[in-house]
Amino acid sequence: MARAKRSPVWQALADRSDPQALPAYVARYLEWLRVHNYAEPTVKNRELYLGYFVAWAGERGLRLAREITKPILERYQRSLYHHRKRNGEPLTFRGQHARLVPIRAFFKWLARQNYLLYNPASELELPRLEQRLPKHVLTKAEVEQVMARPDIGEPMGLRDRAILETFYSTGMRRSELMGLSLFDLGP
């Protein structure tokens, strides 16, 4: 059976012979995440996205962590903006954000562990994420069904109904409602 060809991402992380090179630092960082009880999907996600970055940096002859500067990280960010997926579509801003967050965390770790004198990613501005409305909004019948649940013949049911009515009519958060006092209601 033929062996599957390794992707450039995994090849970029495979050469850990130089302890000062990015792949060696990524390996230490991933071990640190595991030691500090990060969830395995989080560790795998960071490994993947850091692998993309290490492969990109390697294509440009950047092998050492100390060679990475803020302008280089900004170039990587621009390359993500111009990157096209296999189907020809660009990465979404959410996808770009997801690829940049592990890089910021990695360089923050490098600086905190004193592997680097400063964090080149500390002032990297992430793309703004679009604000989306919820996909599912209750229908009028569903709202009426929720409002009819509390038994308004009981004091606690009356309280619950007032809370639901306040949520529905104002859109306030639970914490805002908890902080509400009688004097906030007005005359």
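Reply: Happy to! This is a predicted model, and we can start with Lys70, which has a relative accessible area of 30%.

Me: Why is Lys70 called partly exposed?

Reply: Buried needs under 20% and exposed needs over 50%. Lys70 has 30%, so partly exposed is the label. Glu74, at 29%, counts as partly exposed too.

Me: What makes Lys70 and Glu74 a salt bridge?

Reply: The cut-off is a side-chain nitrogen within 4 Å of a carboxyl oxygen. The closest N and O atoms of Lys70 and Glu74 are 3.5 Å apart, so the pair qualifies. Both residues lie in helix α4, four residues apart, about one turn of the helix. Residues three or four places apart point the same way, because an α-helix has 3.6 residues a turn.

Me: How do you know that the buried residues of α4 are on the same side?

Reply: Those residues are Ile72, Leu73, Tyr76, Gln77 and Leu80. They cover an arc of only 145 degrees around the axis, which puts them on the same side of α4. What covers them includes α3 and α5.

Me: Which parts of the chain does the bridge between Arg63 and Asp18 link?

Reply: Arg63 and Asp18 have their closest N and O atoms 3.8 Å apart. The pair joins the loop between α3 and α4 to the loop between α1 and α2, 45 residues apart.

Definitions and conventions:
Residues numbered from 1 in each chain as written. Predicted model: local features only at pLDDT ≥ 70, side-chain atom pairs only at ≥ 80, totals over all residues. Heavy atoms only, no water. Buried < 20%, exposed > 50% of the residue type's maximum accessible area, 1.4 Å probe, protein only. Helix = DSSP H or I, 4+ residues; strand = E, 2+ residues; numbered from the N terminus. Arc of directions from axis to C-beta. Contact = heavy atoms within 4.5 Å.
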